[in-house]
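Biologist: Could you take a close, friendly look at the backbone in the loops for me? I would like one connected account.

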Amino acid sequence: MQPSLFSRRELLQRASGGFGAIALAGLFQQANGSQDPPSDPLFPKQGHFPSRADRVIFIYSTGGVSHIDTFDPKPKLTADHGKTITASRWLNKPGKFDRYLIKSRFPFKQYGRSGTWVSDLFPQLGSVMDDVCVINGMWCESDGHDKATLAAHTGSAQFARPSAGSWISYGLGTPNQNLPSFMVLAPAAPYAGAQTWGSDFLPACHQGTHVIPGPEPLAHIRPRTPSRNLQLLELAHLKRINQNGLLQSGPDNALEARIRSFETAFGMQTEAPEAFNIAHETEETLKLYGIDQKTTSGFGWQCLVARRLAERGVRFLELIDVGSSNNWDSHGDMADHIRLAKAIDRPIAALITDLKRRGMLERTLVVWTTEFGRTAFNAKADHPGREHHNLAFTSWMAGGGVKGGMVHGATDEYGILPTKDKSYTHDLHATMLHLLGLDHERLTYRHAGRDYRLTDIAGNVLKPILA
Amino acid sequence: MQPILLFFVASCLGITPALDDDVFFESKIRPVLVEKCQKCHGSQKQQGGLRLDTRSGLVKGGDTGPAIIPGKTGEGLLLGALAYHGDLKMPPSGKLALETIKDIELWIAKGAFWPTEKNPTPGGRTQVIMPSDRAHWAFQQLKRPVPPKVKNSALLQNEMDRFLQSTLERSNLIPVDKANKSTLIRRASFDLIGLPPTPEEILAFEADSSPNAFSHLVDRLLASPRYGERWGRHWLDVARYADTAGDGADYPLPEAWKYRNWVIRSFNSDMPYNQFVREQIAGDILANENRGNKGPTHPTTLSDQIIATGFLAIGKRYGYAPNTDYQYLDFADVIESTGRSLLGLSLGCARCHDHKYEPIGTEDYYALYGIFQSSQWSFPGGEEHKKPDRLVPVVTTGEIHRLAAQKAENVAALKTRLREILLQKAHLSGDPIVGGPDLGFEKQKPKSPIGSPWLALGPNILSPQAQSPFNHIHPQGKQGVRMSAGAANDGVRYVFADPVMASPGKKIHFSIDFHVPGKSVSPGAFRLYVGRGVIASTALDISISSQSIMVKNGTQWDLVGPLNPDTWHSLNIRIDPDSKTYDGLITTFDTPKLPSTSIPFSGKKLAPGWDGVIDTFICDGIGHVPGSVPVHDLDNIALGEVPFAKPGTTTLLPLATTPDKGKMAQLDMLQKEATSRLNAEVARPLHDVAYGVAEGQPTNAKIQKRGEPDKLGSEVPRRFLQILGGDFLDPKSRGSGRMELAHWITRKENPLFARVMVNRIWQGHFGRGIVPTPSDFGLRGDPPTDPNLLDWLAFQFVESGYSIKSMHRLIMASAAYQRSSNGKEANLAFDPNNHLLWRFSKHSLDAESVRDMMLALGGNLDLTIPKGHPFPPEPWGFTIHAPFYALYESNHRSVFLMSQRNRRHPYLALFDAADPNISTAERIPTTTPTQALYLMNSPFVHDQAKGFAKSLLAKNQDDVTRIQQAHLFTRGTGPSPAEITESLEFLQSYETALKINGTPSPQVRSMAWTALARVLFTSNAALHVD
């Protein structure tokens, strides 16, 4: 006889909600997440202190966006164009390398009341700079795409760790049980693929759900039963026999996660297609996001759907700009940045504008980052490209408790090393958590005998940028 | 100019900082230790028995335990003390800056580099293996441990259990009871064949009360062909198998399936693991060796041995064309994959520098590199070379010759047949051009210079006077070409539509009639050229003056006969490409009745350097003597692969003038048929090929500094890893070294070989290896939970003759394998993750098992063994921007699904199947709502459920029996009475709801049962194994 490991009441509490609740409350009643007891891993939770933001839209531009050509102007670099400097490493090789300084070919302008400098690559974004806090002098631990991408997402370039979105889902749960807490809108996989949104040792319900823009953003989202009632009957029966199984086997994370996954999937069937359907947006909105233009329609869709999902309560949204190929990795020619900037400039500006006019920006934290910056110098004086540079790059944040119209941190006269308020990946993550009401040192998970954090043993909240 | 000195991040290992290890240590670590620690823990004082002024001091630790475990930041006391986490807070003067602590942690993570104690050597010098590395457990020879004594021997089922039982006893844990029989048969079936047992099998097993019931079951499952499909798949994960190349354009690999099926066959036949590995590394060489005296102990074929080398070639490929530009990346894949899969060692880091953590040097890497570089690799097709190349014949060279000769014979016979038909047609139609290679003379406009398809320069005219009287090759026509003196380069040229190519055993025939009218006194000679292109590659030359007929013998002119004035000559030549010679026969037409004189010649050498192709005939004025050429007539030119009739042996009748339409249509049909048979035979590949490797040009590699192929260092002789013996190739060795490598890896003295594989087998059964990092037995890997158990198993493996099936029998006979998966409070508290195997770990079915189970229950599983995939026919034009992508539906077992590298198979990716871009040691299962959507809404699940419901309803049973069967099929156990009631209630309410929805009543019942089938298919009980 199997010893009773927990009371029957306890078990029913663990496994109830969802279809169990449906079965009890009447078969055809709307599934309602709010009936879930607080033990549910995705049930909305309070943070450690009052939050400034409810959700995050994390925009990731893949490949390494050059900071000195976008948000970190370097007049001295322009002045010293063609002069040489000595680098102690080059393309992963140690040694002494004479390299030529290369100026940016993109003129910078000041925007808004704040006068924030932005290059001509991002004129539309320039127009909303009073809502944006530029963070110059970021640095990260790796200049390899895969590792730096993992670092930007999980805090660790080296070990498999949960993604920031998973941590936030774990820390706060999510208000809408019919949509995943963490969704990734990506036309193509980034470097390191699905690892970038993996939950690793955190419960699997916190992993990112990949949405692929196209006619069917989520595969198998359409029910195949003749009616919703019939599907509910099936799922209620499924839940019942799974619960019977749990009563026999005892508590089991894997089995409970499977039960949970059906409940989320059921909700997704109605919520997701509606969220993805932009047909009822006004002409003006579609234009604002650049849906009507070929160059911007792709990322415009991602931004607009992100707003729609944010409205529906999704806790963490990630938008991946391009993917592991054809991206910002402009080794050959920086002119390629023009094509890439054009595709996202209008959509991102629209997202900020749209969130603001709907009163959502205040509680939505928009974060833009890339894995690393690009070198201010190259092997030939007339080389049109730039190499990877992880010692300095730019990220920015907007909304959700961040001071707009400011620039935090600075790099040296050529944009090679941070000189003031240098910020590490962990600092960015700590700040994101802070704005969501989470103390990055207290958001821990016990795994393999140790309490793990998104920020490992480091990370400082960037206090000067808090509104 | 203003120089600036910069420090950059060394990120090859992805670890900050960017500084070299010694710089990092000296700038970040040593100062902290000196300043903050060594006053109390140094050479003067050792408080708590701890010294922090040597690496060994840190590792040894103090009274309370080691301060650090290099490489393991989660262990050791130092970090906790620095972080002020527990009671121990160091340094007492105040917490160090976070950045400093992070530096120390990174330093530990990187292996706690300490310059005086261990210096990694730069590439180019002989690498030194530190005694501490050499002492690593995995590099020690296998021990033969004695199974330990246990207190409670009643819990043992075999000797293996002693190891586990003694560990449990040390922890005061009592394992759970044995699983019931229905659980056991379901567990064993999914484990060995990846399919559920049928209700009949379950009931029969439950009824079998003999003590051998379970071992009989295991034997039955191991004898099933389905076994190889399950365990072969485990190997294919490790072997990074995929059906496409994986570069940007992701070209299909039409031959890959042969390796896949070979793996499956090898598991089914229980090929000894050492032979299995040897063939994958050097099967092609072994195949040639086997033809001598000693063959392998386990039956194999030459073809299989060559196919086995697919293991090396099947990895992700980087090149766009079969050149060497990107091959260093292909070799990086094969070195890393071979190391991880066969040795449990990660060798890839040594590409750029001596391995930071493992005793693997750059020289080790490039020693192996040389071996792989000395082999020839099949090329998969790529953006710049859009088809596969260098595929390896799976037959011997002798066999290739035999097959080529056979094929040449077939082609010749088919051509003869076609020629007969064409001659009949020509005869019927009166149109000689239809009838054969008369080179279009009869179609030309009379009394004009010759036109297309001929090319001509200088004086020539079509004339009835130039019509040859010979009629043994072409029927009598009306005109030939008459050529007069012009410039030496003047002449006529004809390009044959069907070039003739030399192949072993083939003879080539050429014939021409010529005539010099009157008694010419012109001094020059005209030349007849036969070869490829416009003198691009000469086969032979003939030169004719008004006096003599000369032929080229190699590079000199030989006289073969006089030219009879005003007489037609027919010259017939037979070329033998094998001996590079030709023979000939000159026949003159002396009287209107019969050819009278014949002059044979033989053994003339073909032109040196002829490339074996004939597609052009030229007649010009560049003969063996200079000067203006005599007027000459040409006619009846013929080229073919079958002998022509000899003059006088046959007479082709003059052509008919009114063709018989019916007969002509029949001949047209015959011609079409003969042509397609000929084309098919010409297109038929001579022999089968494999995507694998063959021997190439033996050569040592040079070290590529920092992994860059254009920065070459010193040459490294080919040899084995130093830590595993470092054997060099025999100086007399003339091969690539793969043969030797196969031996080095599989020899008994290599302690990793058996250990790594038994650990994989163990992992296959229990879900977790004794070494939890199955492809990493090095210093960075996790140590074995029980090294003695691992060695004992490895010994059993070696003694069984590397029989994998013996290991299954051994492991599955144990009490540990047969335990239930039930929880137990005391044990859960102590060992929640079941590392000590006090119960069987319940686990979810993998992607293949879920799909195969549903196909089987749905009645749609096709158990035949498929070959390749329906890839689009060549030519291919895939590029990075338009890569190959296809998804092929199939009812075969999932191991046979076409798996791409660049775009994962959506189902396999969704359910956590191995990513084929790397050697996968273990799959990490996930549970996601998108999987649930698949289970709820995919056509596949709905189709299979429908099939399952249909088969349940087809039987003449009552519903309760059907419900019992349905549960037995899907989860291996029957339902409880309550579950029967719930199922009946479900069916009833579903039927009611269907009726309310207006479903036509004949469909109601089957739809309700289909719904029940879906629920059972997707239930936890079905998707997990207890």
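Modeller: Pro91(B) sits in the loop between α3 (78-82) and α4 (98-109) of chain B; helices here are DSSP runs of H or I with at least four residues, strands are runs of E with at least two, and both are numbered from the N terminus. This is a predicted model, in which local features need pLDDT of at least 70, side-chain atom pairs count only at pLDDT 80 or more, and totals for chains, interfaces and linings use all residues. Residues are numbered from 1 along each chain as its sequence is written, while chains are lettered from A and ligands numbered from 1 in the order in which they are written.

The bond leading from Met90(B) into Pro91(B) is cis, its omega being near -10°. Another cis peptide bond links Glu874(B) to Pro875(B), with omega about 5°, and Pro875(B) belongs to the loop between α26 (847-857) and α27 (906-910) of chain B. As background, most peptide bonds are trans, and most residues other than glycine have a negative phi.

On to phi, then. Asp566(B), not a glycine, has a positive phi of about 55°, and its loop runs between β12 (556-562) and β13 (568-576) of chain B. Asp566(B) has 10 other C-beta atoms within 10 Å, so it is exposed; the cut-offs are 12 or fewer for exposed, 20 or more for buried and partly exposed in between, with C-beta atoms placed from the backbone. Asp912(B) also has a positive phi, near 65°, in the loop between α27 and α28 (929-937) of chain B. Asp912(B) has 17 C-beta neighbours inside 10 Å, so it counts as partly exposed.
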